[in-house]
Amino acid sequence: GADNETTAHGPFTIGGNNGCSAANIEAMVSAGGAGRAPQISIEREVGSSWTKVAANPLSPRVSWLGPFGTYRIRVHNPDAVSKTYSGTVRYGR
């Protein structure tokens with residue numbers, strides 16, 4: 001939508017059952033159309049709320065290395081026009 005923030009991926013849970021020692025997330029997004037690049041961030045569920053743990057306002061790519069837990073990828077569209085997004089998320093490998 002226009003000038004809003006949406007969940008692009010998740011929520012997903014990362015645990016130690018895949019041989020990893022920590023949660024390693026890398027996300028990238030690109031938007032179709034004109035205007036500014038979308039802003040992408042990673043949020044971690046803490047208790048019953050979501051806390052932003054990684055964000056890069058200058059780049060459509062963000063990465064995070066941290067504790068196991070439940071995460072989600074958020075995308076914020078800074079422009080007043082709706083866009084279509086495509087992106088990739090890698091984690092826990």
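Reader: Hi! To start, what share of the 93 residues in the protein is buried?

Author: Hello! This is a predicted model, and in it buried residues make up 30% of the 93 residues.

Reader: Thanks. How many helices and strands are there?

Author: The protein has zero helices and seven strands. Read along the sequence, the pattern is β-β-β-β-β-β-β.

Reader: And what is the radius of gyration of the protein?

Author: The radius of gyration is 14 Å, close to the 12 Å from the globule rule for 93 residues, so the protein is as compact as a globular protein of that length. Its C-alpha trace spans about 40 × 25 × 20 Å along the principal axes.

Reader: Let's get to the sheets. In what order do the four strands of the open sheet come?

Author: The order is E1-E6-E3-E4, and the pairing is antiparallel. Strand E1 (5–14) and strand E4 (49–56) stand at the edges with a single partner strand each, so one side of each has no neighbour in the sheet. On average, neighbouring strands of this sheet are turned by 25 degrees against each other, direction ignored.

Reader: Nice. And over how many bridges do E1 and E6 pair?

Author: E1 and E6 pair over seven bridges, in the antiparallel sense. Within that pairing, Thr13 stands opposite Thr70 in E6.

Reader: Which side chain does the side chain of Thr70 make a polar contact with?

Author: That of Thr13, at 2.9 Å.

Reader: Is Thr70 buried or exposed?

Author: Thr70 is buried, because its relative accessible area of 19% falls under the 20% cut-off. Leaving out residues up to four places away in sequence, Thr70 touches Pro11, Phe12, Thr13, Glu43, Arg44, Glu45 and Trp50.

Reader: Staying in that strand, where is Arg72?

Author: Arg72 is in strand E6, residues 69–76. Arg72 is buried too, with a relative accessible area of 16%.

Reader: An arginine under cover, then. Which side chain does a polar contact join to that of Arg72?

Author: The side chain of Glu43, with a polar contact of 2.8 Å. Not counting residues up to four places away in sequence, Arg72 touches Thr7, His9, Pro11, Phe12, Ser41, Ile42, Glu43 and Trp50.

Reader: I see Phe12 in that list. Which strand does Phe12 lie in?

Author: Phe12 lies in strand E1, and it is buried, with a relative accessible area of 7%.

Reader: And which residues does Phe12 touch?

Author: Beyond residues up to four places away in sequence, Phe12 touches Ile25, Gly69, Thr70, Tyr71, Arg72, Ile73 and Tyr91. As for Tyr71, Phe12 is 59 residues from it in sequence and 5.5 Å from it in space, C-alpha to C-alpha.

Reader: Now for the whole chain. Among contacts between residues at least 6 apart in sequence, what share joins residues at least 24 apart?

Author: For the protein, that share is 74%.

Reader: Switching topic: what is the order of the open sheet of three strands?

Author: E5-E2-E7, with antiparallel pairing. Its edge strands are E5 (61–66) and E7 (85–91), and each pairs on one side only. Neighbouring strands of this sheet are turned by 10 degrees against each other on average, again ignoring direction.

Reader: How many bridges join strand E2 and E7?

Author: Seven bridges, with strand E2 covering residues 23–31 and the pairing antiparallel. Here Glu26 stands opposite Arg90 in E7.

Reader: Last one, about a loop residue. Where does Ala80 lie, and is Ala80 buried or exposed?

Author: Ala80 lies in the loop between E6 and E7. Ala80 is exposed, because its relative accessible area is 72%, which is over the 50% cut-off.

Reader: And how far apart are Ala80 and Asn4 in space?

Author: Ala80 and Asn4 are 8.7 Å apart in space, C-alpha to C-alpha, and 76 residues apart in sequence.

Methods:
Residues are numbered from 1 along each chain as its sequence is written. This is a predicted model: local features need pLDDT of at least 70, side-chain atom pairs count only at pLDDT 80 or more; totals for chains, interfaces and linings use all residues. Side-chain values use heavy atoms; hydrogens and water are left out. Two strands pair if DSSP finds at least two bridges between them. Helices (H or I, at least four residues) and strands (E, at least two) are DSSP runs, numbered from the N terminus. Axes are lines fitted to C-alpha atoms, for helices over the stretch in contact, and angles run from 0 to 180 degrees between N-to-C directions. Buried means under 20% relative accessible area, exposed over 50%, partly exposed in between (1.4 Å probe, protein chains only). A polar contact is a pair of N or O atoms within 3.5 Å; within protein, one must be able to donate a hydrogen and the other to accept it, and residues adjacent in sequence count only if both atoms are side-chain atoms. Contact means heavy atoms within 4.5 Å. The radius of gyration is taken over C-alpha atoms; the globule rule is 2.2 Å times the number of residues to the power 0.38.
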